[in-house]
Amino acid sequence: MTLDKTLTVNGRAVAFDGERNLLEVIRKAKIDLPTFCYHSDLSIYGACRMCMVEVEGRGLAAACSTPPEAGMRVRTHTDEVREIRKISVELLLANHQQACPTCVKADACQLRDLGRKLGVTEVRFKPTARTMPVDRSTVSLVRDPNKCILCGDCVRMCSEIQGVGAIDFAHRGARACVTPAFGKDLAAVECVLCGQCAAVCPTGAIAPRSETEEVWRALHDPRKTVVAQIAPAVRVALGECFGLEAGALSTGQIAAALRALGFRKVFDTCFAADLTVMEEVHEFLTRRKEGRRLPQFTSCCPAWVKFAEQYYPELLPNLSTCRSPQQMFGAMAKETLPAEYRVAREDLVVVSIMPCTAKKFEARRAEFDPSVARTSAERWLSGR
Ligand code: SF4
Ligand code: SF4
């Protein structure tokens with residue numbers, strides 16, 4: 001530890017080296033400093049003011065936009081900064097539709113969590129929110145501007161990381177909001193339905209569209225036979241939600257739970273992923289042999305496919321013609337399982353449990369209508 005790379009946080013010396021701002025140094029010291037608008041992958045916005053700290057000799061500063069300097073003496077939880085955080089949360093709540101019991105985010109809402117941690121038991125300001133229409137135009141996401149706290153995370157994620165820019169801030173003052181251009185619905189703009197905006201949204205203002213009710217209805221319909229496919233990422237992510245160690249597999253628990261709910265069988269999408277890889281290799285070798293367009297890009301990610309269609313149509317011939325694992329599995333299940341279970345094709349319901357909102361959109365693409373030509377794997381399976 002060198003002297004010129006050390007500052008003091010709450011009386012403790014903390015070394016810094018390469019951290020972009022005070023916030024990163026403070027978090028490195030394992031001190032919990034809240035933020036709504038700070039993500040290390042995104043540009044620094046400095047709007048939510050949750051990370052205010054007191055810097056001796058300088059006064060209050062937003063830790064996210066203050067570079068660390070040797071010798072700084074920082075205090076993170078003085079009476080003044082705690083009161084500022086509390087007032088900021090109250091102001092956000094005054095402008096926020098407080099529908100916690102019915103909100104999809106519910107227990108995972110950062111605004112609710114922070115309010116509780118800061119001891120906010122009442123909002124001392126008059127409600128200022130006006131009611132805006134909820135955008136349910138896409139099959140993947142629901143956008144409820146009434147729950148937006150204007151942190152801008154979704155806006156920066158969409159433009160800086162995804163390179164799309166489908167949503168942005170509009171209007172000023174009390175009318176400020178995040179919206180697609182000209183107040184259009186999300187389905188009417190170039191959103192690729194990747195869901196990354198929902199992944200960073202601290203509240204329920206942008207959330208994946210739930211299809212749980214449709215699944216329950218199918219499970220309770222005596223004519224239907226319901227099977228599930230589980231994507232590889234889900235078995236780890238779900239385990240973490242239930243408190244398992246990061247990286248721990250919960251495949252067995254998920255399969256048992258789905259069977260208990262009434263699923264006839266639970267399949268692993270990894271099997272279909274192997275088929276996709278074999279198909280892709282076959283396509284690659286054929287392209288190479290026949291001198292056709294290379295390089296060959298994957299078409300497994302529906303958000304990437306939509307992105308290429310919208311922005312790089314000249315690359316479409318480079319995209320593999322193979323179906324994604326989800327679609328490969330769905331087609332094969334419909335081809336083989338009705339005979340095995342002695343049910344009509346339309347009475348076999350395939351539920352995909354996937355980590356990506358664009359998969360909802362992919363499943364509904366016209367190209368995957370059963371009347372459209374099938375892949376060679378499906379022809380092989382059906383013996384035609
Ligand atoms: S789903 Fe993706 S493309 Fe659409 S608004 Fe969100 S981040 Fe942007
Ligand atoms: S929609 Fe969510 S992420 Fe976007 S500005 Fe509002 S609260 Fe922040």
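Start at helix α10, residues 302-311, where P302, A303, V305 and K306 are buried. Buried means 20 or more other C-beta atoms within 10 Å of the residue's own, with C-beta atoms placed from the backbone. Helices here are DSSP runs of H or I, at least four residues, strands are runs of E, at least two, and both are numbered from the N terminus.

Why do these four sit on the same side of α10? Because they cover an arc of only 160 degrees around the axis. That arc is taken from the directions from the helix axis to the C-beta atoms. The buried residues of α10 pack against α12, residues 358-363.

A word on the source. This is a predicted model: local features need pLDDT of at least 70, side-chain atom pairs count only at pLDDT 80 or more, and totals for chains, interfaces and linings use all residues. Residues are numbered from 1 along each chain as its sequence is written, while chains are lettered from A and ligands numbered from 1 in the order in which they are written.

Now the ligands. Ligand 1 is surrounded by 14 residues, with C158, A166, C191, C194 and C197 the closest. To be near, a residue needs its C-beta atom, placed from the backbone, within 6 Å. Helices α4 (153-161) and α5 (196-200) each give at least two residues to this shell.

Ligand 2 also has 14 residues around it, and C148, C151, C154, C201 and A205 come nearest.

Last, the whole chain. The protein chain has 13 helices and twelve strands. Of its 384 residues, 32% are buried.

Methods. A residue is buried if 20 or more other C-beta atoms lie within 10 Å of its own, exposed if 12 or fewer, and partly exposed in between; C-beta atoms are placed from the backbone. Two residues are in contact if their C-beta atoms, placed from the backbone, lie within 7 Å.
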